[in-house]
Amino acid sequence: MRKSILVSFGLVLFGGLADLQSQTIVGSVADEQGVLLPGATITIAPVNDPFSSQLIGVVTSIDGTYSAEVGTFLGTDVLVTCSYIGLEKQQVKLKNLADRTYTVDWALKASSELLDHVIVSAGRFEQSAKKVTVSVDVLPPRIIESRGTTSLETALEQTPGVSFVDGEPQIRSGSGFSYGAGSRVMMLVDDLPVLSGDAGRPTWGFLPLENIEQIEIIKGASSVLFGSAALSGVINIRTRYPDARPLTRVTVQHGVFSTPQSAQAKTWDGFSQQSNFRFVHSQRAGKWDIVVAGNVLGSDGYLSPVTENETDTASSGYRPWQVDRYGAENRARVNANIRRRETGVAGLTYGLNTNWQRGESQNTLIWESAPDNIYGSYQGATTQVNQTIGTVDPYVEYVAPSGFRHAFRNRWQYLNNDNDNDQSNASHVFYSEYQLNGHGENWGLTGLNFSAGLVNLMAFSNAELYSGGSSDGNNKARNVAAYLQVDQAVADRLNLSAGMRYEHFTVNGKGAGKPVFRAGANYQLAEATFLRSSFGQGFRFPTIAERYIRTGLGSLQVYPNEELNPEFATSGEIGLKQGLKIGRFKGFLDMALFRQDFDDYIEFTFGQWGPDDGEAPSLDNALGLGFKSINTGKSRVTGAEISIMGRYETDRVRLDLIAGYTYTRPISLSPDYNYNPDPDGTVTTYYNTSHDTTNLILKYRSPHLVRFDLQATAAKWFGGVSVRYQSQLKNFDEAFIKFEAEDIADIEWGLADWLDTHPRSPWLVDIRIGRQWNEHHRLSIIVSNLANAEYVIRPLAIEPPRLTQIMYTYEIK
């Protein structure tokens, strides 16, 4: 593609004396395909003073045209700059500006700068990643496509600072283990939340991997724009719409799990396997944009068969549609994005996105015993789930001639978990948001952008699982909110950001509200050096699940807490993004120092929460001992992160690199605080519920995270290696050791011995290699956990052994 700037000069005569109105620069901005671009920025400044306070800036209107009055620069040389996020910035000089009208038309090509990603999540409008005021990582689709990912968390775990404990996302140690309730990371698909209405957690297998444009990860409190669950950050999945070329892609893959290292723990014959099929087709049809995609997965999982009879058919052979093993699952998903791109009203678009999935799974939380039955399940800790989940998202957007964008987005989310152990739950979520985005050009405020919005969310839950306390299982939650964020660019080097939000929550009539604020700045120190700082607040109201759950895992009981208070957080960060050009390598180095403080921090904690009926310990009665979500006082997370992203390219080979190291120090600031408000109850504190209180580290946190991914492409061959390390969880609930040590309920998990023989977490290495046979066919082999390491992240939950997959992709575009 060739750079094209079409510049024509014409004198426009108005038949009278010239005035300042004739001293203008006019024109249009389009991309290489000739599509006119509303919202492109045109700046005019003196050549000898490009950062002049007299800089003039305008934004193209809805038809891609602009007009700028430049009478103040009469007789001087000016530099005219045209920029549009995701396209290459272009410039032209006009010498000795005369008393005339100049016409300057622009045709912008795709940005050649690898890391100049378009970020929407940081401010609810398009920004360059290097100029935002918070830490933002962008996960490109190649990470998902090349790694043979079947569920999103296996791709996200390659992101610096992001980790998982039992499928629960952590960003910079902002959360621990909560039995699947109350995420502190907001999950979005196309800016709309996808957390369940009752438990506030994501369903990872439901997220549409087959149709992803990019994934944006914001680190730090983001409640101002995204609400309660964004206490520690945001993960926003952006799906794609078609461009001028239709696309059809079909991927088929099959994998085999290796025999575990502990051969005696394999209680079945043969090898566990999984198969996956996904497709996507997108095209423009007249004035419509249409995307249809889907996925089918069948997996044995990697744990043992449910039956104890090794001669049973469940213990041998490949049965992808029979959920008869612990960890086995099958699911089928279909989704569509439909958009009316051109309507009879200029600037108006509307559409509907929908995604539906049906699946079955056999989930277990605690192994049977170590070392011989770590792939089995503890009695009462398994749930067979038949799940139906879906979303329907109608929306309408209107860009006014002034450039203001109005958007009204809605989501109905349905979730039904039909469980086999009196733990079924179903919920409906109705979410609506009106959003207004604008700029200050109409008011003479160059560089100003703002986002404002109103939010209404209603959740209805009917659940045996959430019938604790005063609840009869029918629960209702509501959230209403209003927010405003303003971003101001100053003299092309400084970007300032400030915002506020007020939201109010109610769950079954009990409610609370609070305002939260944020502020940030990004200053361009040099051509490729960007210094940023940010401050943000977060406010999270407890979910229905945290307040009303009542269930048991064998002898381990889980209790409700109707008196659970909201938690509040403040976070701060200072960071530096430095552009790099070393020989043929181009990229960015990013460094950050951060801190987050929590009040009324909610933790899923073991204690004596239930009644003690005086009977001897048994599988049905453990002296009222169990787990409950409780407020634990004050906590703090401090840390540092360094990451690098870049590309090395020659005529014959291209290397793409993503790597990072994150250190966190998550500590309790109130270790003596008594969690148990009952005056007759046992004193329960951080000290007597934690296994390892060294340095007051919070439970279920890994202080050290290392992430590395390198992809090589040469002619028709490609390959890659991924490395990740997550330091051992030193602190967790002491109950996991105490139950066995004190012979409570005849538990024999073998955890203490396991930890003695596995004192450190392994370095995990994944590799992939493939060949692009022609423009349509691609074949690759992917090996995850190359060394077949046997390890746990959360105690009592073994992680997968080596998985070897072959993947074939057929693509037409």
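A search of the whole structure, which is a predicted model, finds 13 cavities of 30 Å³ or more. By cavity I mean a set of points, on a 1 Å grid over the protein atoms alone, where a 1.4 Å probe fits but cannot get out. Grid points are joined across faces, edges and corners, and a volume is the space filled by probe spheres set on the points.

I will take the second largest cavity. It holds about 530 Å³ of space. Its lining, meaning residues with an atom within 4 Å of a point, has 37 residues. Met186, Ser228, Ala229, Leu457 and Phe505 lie nearest the centre of this cavity. Which elements give two or more residues to the lining? They are strand S14 (185–189), helix H3 (223–226), and strands S25 (425–439), S26 (448–463), S27 (474–490) and S28 (494–507). Element names follow DSSP runs, with helices being H or I of at least four residues and strands being E of at least two, numbered from the N terminus. S28 supplies the largest share of the lining, 5 residues. By residue class, the lining of the second largest cavity has 18 nonpolar, 11 polar and 8 charged residues. Nonpolar here is Ala, Val, Leu, Ile, Met, Phe, Trp, Tyr, Cys and Pro; charged is Asp, Glu, Lys and Arg; the others, Gly among them, are polar.

Before going on, the conventions. Residues are numbered from 1 along each chain as its sequence is written, side-chain values use heavy atoms, and hydrogens and water are left out. Because the model is predicted, local features need pLDDT of at least 70 and side-chain atom pairs count only at pLDDT 80 or more, while totals for chains, interfaces and linings use all residues.

Next, glycine 220. This residue sits in the loop between strand S16 (214–219) and H3. Buried or exposed? Glycine 220 counts as buried because its relative accessibility is 18%; the cut-offs are under 20% for buried and over 50% for exposed, with partly exposed in between, using a 1.4 Å probe and protein chains only. Leaving out residues up to four places away in sequence, glycine 220 touches Ala230, Leu231, Ser232, Gly233 and Ser571, where contact means heavy atoms within 4.5 Å. Valine 134 is 86 residues from glycine 220 in sequence, and the C-alpha to C-alpha distance is 7.8 Å.

Ser571 takes us to strand pairing. Strands of a sheet pair through backbone hydrogen bonds, either parallel or antiparallel. The criterion for a pair is that DSSP finds at least two bridges between the strands. Serine 571, in S33, is the bridge partner of glycine 536. Strand S30 (residues 529–540) and strand S33 (residues 567–582) run antiparallel and are joined by 12 bridges. On to strand S34 (residues 585–599): S33 pairs with S34 over 15 bridges, also in the antiparallel sense. Glutamate 573 has phenylalanine 594 in S34 as its bridge partner. S33 and S34 form a hairpin with 2 residues between them, and glycine 583 in the turn has a positive phi of about 60°.

Another open sheet of 4 strands has the order S31-S32-S36-S35, with mixed pairing. S31 (551–553) and S35 (602–608) are at the edges with a single partner strand each, so one side of each has no neighbour in the sheet. Here the twist averages 30° from one strand to the next.

Last, some backbone geometry. Asparagine 96 is not a glycine, yet has a positive phi of about 45°. It lies in the loop between S7 (90–94) and strand S8 (101–108) and, at 52% relative accessibility, counts as exposed. Tyrosine 700 also has a positive phi, near 60°. Tyrosine 700 lies in the loop between helix H5 (686–689) and strand S39 (704–714) and is buried, with a relative accessible area of 2%. Finally, the peptide bond from alanine 370 to proline 371 is cis, with omega near 5°; proline 371 is in the loop between strands S22 (348–364) and S23 (382–399).

How values were computed: On a 1 Å grid over the protein atoms alone, a cavity is a set of points where a 1.4 Å probe fits but cannot get out, and a pocket is an open set with protein on both sides within 12 Å along at least five of seven lines; lining residues have an atom within 4 Å of a point. Axes are lines fitted to C-alpha atoms, for helices over the stretch in contact, and angles run from 0 to 180 degrees between N-to-C directions.
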